[in-house]
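Colleague: I am new to reading models. Could you take me through this one, feature by feature?

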Amino acid sequence: MPDYSAIIVTLKLALTTSLILMLIGLPLAWWLARPSLNKVKNKTRPIVEAIVALPLVLPPTVLGFYLLIAFSPDSWLGATWLKLTGSSLAFSFSGLVIGSLFYSLPFVVQPLQATFAAIPQATLEVSRSLGATKIQQLKQIIFPLSKTGLISAFSLGFAHTLGEFGVVLMIGGNIENETRVLSIAIYDHVETLQFGQAHQLSIILIAFSLALLTILYRFKHNRIGFN
Amino acid sequence: MLNINTLCQFGDFRLDVNQSLPTNQIIGLFGSSGCGKSRLIRQILGLDKEHRLKSQISFNKKTWQQSDSKLELITQHRGIGYLPQTIDLFPHLTVQENILFGWNKRASKPDDSIINYVIQQLDIDDLITRHPSELSGGQAQRVALARAILAASNLLILDEPLSAIGEDHKPQVMQLLKQISLKYKLPIIFSSHSRIEHAFLTDYILTFNNGKIIQSGKYRLVANDINAPFAQRPDALNCIQAKVIDFEPEFSINKLKTNNNFLWAGHKKLAKNSLVNLEVNAQDISISLTPIKDTSILNCIVSELIAFEEISSHQYLLKLSFENVFFIAFITKKSFLELDLTLNQKVYAMFKSVSVQPIAIESDSGLT
């Protein structure tokens, strides 16, 4: 029997994280992608880009370590959370979501940024001159032109969260139905020499990720020729 | 009236325009590339805010922008149909969706018969289901033109609207713009560095140089003033008004009369007794001291040389007149010296009828 609870927690985490990241990532990527003559923006942009890219180069343990400190009831964040919800952030599903948001941020923001940067300024200006309001621009021009980027961003954010290990280990621990995700469950099975179980979960993860990425790349290739 | 008072800085380039423009005519912006035509267009559109040092624009007494009070009517509320130089069709939409993009967002619309009329006149009926990636440059420009025309409730702004359109479609497209402007009382601002396009379309011209307007006014007045810099440019176009006498169908040629001279111009039949402007490129006029009989050149006007000027190492500009009509010819320095031309000399100015471009004078355009 595969460990269904780990599969469910993992999918729930990946879905929550990638949905929230899309909400945060859209305005952030737009801000990063669009050219500007504003000096303050041009100075702060590389710093923000570096912060977004940081999880790509840092070991997850570093991120996990500082998150763990931030989650502790002694810290401002941990204390506020405890006051508001009555439970601790560390070793909770909410804590895992917060950790994953940081950890998967570049995988969502970077494809979005690339796709937004590819929309010519003139296209937006023309749509405005033709009477399109901001909402109409978003719905009729920006989203359709960024379709590939939106799907890539969501899928990569999702796929990357599926495979998260280091951060979860640091801040989530191994609580069944709460923080025990697939990667941790596999680690656990290996530790306890249950290779059969480890195989089952690993193969599920490989198959799922492979399918997701294949669909994503097929979609990408079909969209070439579009311009 | 469209009142513009704007001062903008783009790096080293400064746009400095203070001008009132009529809003019942076609306004032509003329000047070489980089002289400020597109920059001015973008100000009228309400773009390039960060480059403004001062910018006041009002359209028929309604304020569009005013730098001090920050009272600004945003671009999407100005009712402008805009065709950018870069065309910029929306790549994910079909031709039909592109054309109707602005139309569908208009608050006030004329009868929708205009849609089919524009589609037919621009010859895009067969393209309607295609995507922009399946269009040629000229087709794309015609589609973008249709999109702009249908979006324009107050003003139509066209940046180099004919640059990619093939010669075969140009007369039809220019005719359409004239008709739209008259029928829907729609003011049009267009930019072009082609003299012949201005000769066809422009009622009121603004001539630019280096971010400033150096000459403006009714096109015919500016174009026919042979002492103005505009008339003396290398692409100078002469305009000779003539009356249509007859059409000779066996040769497909029109016989015209200007004062006591008969002139010939092909090849489409012009309405008998109508007045036309004959546009003749100054470079297409040749000079002879004696009448030439055995020649294929049909048009010959006996003129007087009233002034000349060496304008480059190889060219002379001649100012000629006959019966109070003034025109310009460019000839080589070699010809000038070998003919030994002198002031007030009688010369025969000749030009082929194929180099004459007749433009009908419309009675209601107020050009006569």
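Modeller: Start with burial. A residue is buried if 20 or more other C-beta atoms lie within 10 Å of its own, exposed if 12 or fewer, and partly exposed in between, with C-beta atoms placed from the backbone. In chain B, buried residues make up 40% of the 368 residues.

Colleague: What kind of model is this, and how are residues and chains labelled?

Modeller: This is a predicted model: local features need pLDDT of at least 70, side-chain atom pairs count only at pLDDT 80 or more, and totals for chains, interfaces and linings use all residues. Residues are numbered from 1 along each chain as its sequence is written, while chains are lettered from A and ligands numbered from 1 in the order in which they are written.

Colleague: Is A:Leu156 buried or exposed?

Modeller: A:Leu156 is buried, because 21 other C-beta atoms lie within 10 Å. Next, contacts: two residues are in contact if their C-beta atoms, placed from the backbone, lie within 7 Å. Leaving aside neighbours within four places in sequence, A:Leu156 is in contact with A:Phe107, A:Val108 and A:Pro111.

Colleague: Which residues touch the most other members of the largest nonpolar core?

Modeller: First, the idea. A nonpolar core is a set of buried Ala, Val, Leu, Ile, Met, Phe, Trp, Tyr and Cys residues joined through C-beta atoms within 7 Å. The largest has 103 residues, and B:Val143, B:Ala146, B:Ala148 and B:Ile157 touch the most other members. Domain 1 (2-224) and domain 2 (237-361) of chain B both contribute residues, so this core lies between them; the domain bounds come from an automatic or database domain assignment. Apart from it lies another core of 39 residues, including A:Leu21 and A:Ile184.

Colleague: What does B:Ile157 contact?

Modeller: Beyond its neighbours within four places in sequence, B:Ile157 is in contact with B:Ile41, B:Ile44, B:Leu45, B:Ile80, B:Tyr82 and B:Ile189.

Colleague: How many helices and strands are in chain B?

Modeller: Helices (H or I, at least four residues) and strands (E, at least two) are DSSP runs, numbered from the N terminus. Chain B has eight helices and 20 strands.

Colleague: What is the strand order in the open sheet of five strands?

Modeller: Two strands pair if DSSP finds at least two bridges between them. The order here is β15-β19-β16-β17-β18 in chain B, with antiparallel pairing. At the edges are β15 (286-288) and β18 (325-332) of chain B, each pairing on one side only. Three bridges join β15(B) to β19 (residues 346-351) of chain B. B:Ser288 has B:Tyr348 in β19(B) as its bridge partner.
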